[in-house]
Amino acid sequence: MSILTLFVVIPALMLVGLWLAKNLNQVRGVMVVGASCLLALSVWLTIYFVQQRAAGNTDVMLLTYSTPWFKPLNIAYSVGVDGISVVMLLLSSIIVFTGTFASWQLKPLTKEYFLWFTLLSTGVYGFFICTDMFTMFMFYEVALIPMYLLIGVWGSGNKEYAAMKLTLMLMGGSALLIIGILGIYYFSGATTMNVNEIAAMNNIPVDIQKVFFPFIFIGFGVLGALFPFHTWSPDGHASAPTAVSMLHAGVLMKLGGYGCFRVAMYLLPDAANELAWIFLILTTISVVYGAFSACVQTDLKYINAYSSVSHCGLVLFALLMMTKTSCTGAILQMLSHGLMTALFFALIGMIYGRTHTRDIRYLDGLMKIMPFLAVGYVIAGLANLGLPGFSGFIAEMSIFVGSFENPDTFHRVATIIACTSIVVTAVYILRVVGKILYGEVKNPHYLELTDATWDERVAVICLIACVAGLGLFPLWASNVISDAVGPILANII
């Protein structure tokens with residue numbers, strides 16, 4: 001049994017512990033211990049992976065394990081990690097850990113909330129460690145199902161509508177996925193659903209690939225906010241409770257980009273090369289449309305939600321450019337955006353919990369009242385607009401430099417258009433920061449508000465440290481990701 005199974009076993013034990021917990025302190029204790037164990041495990045895994053690469057271990061996947069699960073359909077419980085999986089597991093653990101502290105004061109039904117939150121994280125972990133297509137799909141569904149209740153019960157605003165819209169659209173994407181997965185399995189002639197083994201065979205006819213590639217890419221692309229299937233994202237993020245927004249935007253949306261690269265492009269390389277231009281147009285629209293839409297919003301969560309549409313669009317955009325630099329940048333962007341958007345949603349939730357509004361027209365002078373949260377928001381904004389020294393800069397530079405490596409006019413024009421999002425991002429970030437943090441306090445009620453509590457400070461400081469750490473020391477992550485991108489890209493081009 002691989003040690004990777006602990007990423008599923010620990011959340012399962014957390015579910016049991018939460019179920020048996022008798023009071024709020026026990027619930028919090030189970031979550032802190034479980035989230036800390038997962039974070040420690042992911043840090044150990046990252047260090048182990050880096051050491052293995054430094055020692056000259058060139059195996060594509062490490063810590064692999066496989067055992068039959070449902071033999072009639074050749075479904076197996078197969079796990080393994082490469083550099084992409086490792087950084088995604090690290091990201092997931094950081095978000096779950098900080099999300100636990102961001103939800104420290106959540107009431108009512110705290111126990112039930114954390115049960116569904118842990119089930120959601122179980123699906124995420126399982127998805128990133130699995131190498132069997134069907135098992136990946138199963139964990140993908142596990143990650144989606146809890147969202148309906150987490151938003152519908154503990155959300156705010158028009159939460160029932162948002163929960164229903166999100167669930168129906170993502171389930172629609174799942175329907176496309178299962179068609180594509182079964183198509184790949186049947187026409188590949190494989191006796192396994194293992195992604196790496198099917199990719200090594202590479203015997204699916206081009207015409208068949210062109211049929212099933214849109215099913216897989218759009219199926220995962222719905223979760224990655226691919227235009228025009230992104231409309232669930234702003235409503236879902238705006239209505240979700242704080243930690244759910246953090247996990248959803250920070251990690252769950254990354255399942256879309258991961259699946260597009262690992263399954264759609266890796267297993268259907270000929271179709272990826274022939275049809276990439278269509279989806280490249282759609283992702284370019286996502287990047288620019290998301291940025292401009294964020295400019296005209298007045299709700300803090302909607303601003304960040306449309307910003308996520310733009311930044312996640314950059315991930316798919318870079319993957320479709322199919323250069324090693326751009327694809328490495330895409331994974332770095334997944335890691336960077338996950339940390340930045342989790343920080344944003346955490347801070348927005350903390351501000352909303354005090355002011356009871358997210359409308360920037362009624363927020364002002366917060367720097368004088370809650371300086372810790374205000375400074376955290378400024379740092380999150382600077383990271384989001386790509387300031388050097390933060391994670392966003394190295395990710396976006398890798399994407400645009402790598403994309404421009406394509407010599408043809410079409411790819412370079414698309415790159416230039418996507419680059420405009422940098423300026424637009426700066427506009428809406430600086431506009432919001434100036435509006436809500438500075439100036440005079442017009443609402444006398446705000447003068448009675450308090451700054452961040454200790455649990456909120458833990459979440460914010462951890463996320464800021466990660467954003468700054470990745471920005472100042474990006475080479476280890478870039479090397480780990482680049483080593484994993486190379487074999488996949490070699491199969492595509």
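Visitor: Hello! At roughly what angle do the axes of helix 3 and helix 10 cross?
Guide: Welcome! This is a predicted model, where local features need pLDDT of at least 70 and side-chain atom pairs count only at pLDDT 80 or more, while totals for chains, interfaces and linings use all residues. Residues are numbered from 1 along each chain as its sequence is written, and side-chain values use heavy atoms, with hydrogens and water left out. Helices are DSSP runs (H or I, at least four residues), numbered from the N terminus, and axes are lines fitted to C-alpha atoms over the stretch in contact, with angles from 0 to 180 degrees between N-to-C directions. The axes of helix 3 (residues 83–102) and helix 10 (residues 242–252) come within 9 Å, and they cross at roughly 170°.

Visitor: Are helix 3 and helix 10 roughly parallel or roughly antiparallel?
Guide: Angles under 35 degrees count as roughly parallel, over 145 as roughly antiparallel, 65 to 115 as roughly perpendicular and the rest as oblique. The two axes cross at roughly 170°, so helix 3 and helix 10 are roughly antiparallel.

Visitor: How many nonpolar residues are in the contact of helix 3 with helix 10?
Guide: Contact means heavy atoms within 4.5 Å. By class the contact of helix 3 with helix 10 has no charged residues, 5 polar and, for the nonpolar ones, 8.

Visitor: Is the crossing of helix 6 and helix 8 left-handed or right-handed?
Guide: A crossing is left-handed if the near helix is turned anticlockwise from the far one by less than a right angle, and right-handed if clockwise. The axes of helix 6 (residues 159–188) and helix 8 come within 8 Å and cross at roughly 150°. The crossing of this pair is left-handed.

Visitor: How many polar residues are in the contact of helix 6 with helix 8?
Guide: The residues that make the contact include Met169, Leu170 and Gly173 of helix 6 and Ile208, Phe212 and Phe215 of helix 8. Divided by class, the contact has 16 nonpolar residues and no charged ones, and its number of polar residues is 4.

Visitor: How far apart are the axes of helix 16 and helix 19?
Guide: Helix 16 (residues 371–384) and helix 19 (residues 454–472) pack at an angle of about 25°, and they are therefore roughly parallel. The distance between their axes is 11 Å.

Visitor: How far apart are the end C-alpha atoms of helix 14?
Guide: The expected span of a helix is 1.5 Å times one less than its number of residues. Helix 14 (residues 324–355) has 32 residues, so it should span 46 Å. In agreement with that, its end C-alpha atoms are apart by 46 Å.

Visitor: How many of the 32 residues of helix 14 are buried?
Guide: Just after helix 14, His356 takes a positive phi of about 60°. Helix 14 itself is mostly covered, and its number of buried residues is 28.

Visitor: Which peptide bond is cis, with omega near 5°?
Guide: Most peptide bonds are trans. The cis bond runs from Phe227 to Pro228.

Visitor: What is the relative accessibility of Leu109?
Guide: Leu109 sits in the loop between helix 3 and helix 4 (110–129). Its phi is near 50°, a positive value in a residue other than glycine. Leu109 counts as partly exposed because its relative accessibility is 45%.

Visitor: And what is the relative accessible area of Asn202?
Guide: Asn202 is found in the loop between helix 7 (195–201) and helix 8. Although not a glycine, Asn202 has a positive phi of about 45°. Asn202 is partly exposed, with a relative accessible area of 40%.

Conventions:
Helix = DSSP H or I, 4+ residues; strand = E, 2+ residues; numbered from the N terminus. Nonpolar A, V, L, I, M, F, W, Y, C, P; charged D, E, K, R; others polar. Buried < 20%, exposed > 50% of the residue type's maximum accessible area, 1.4 Å probe, protein only.
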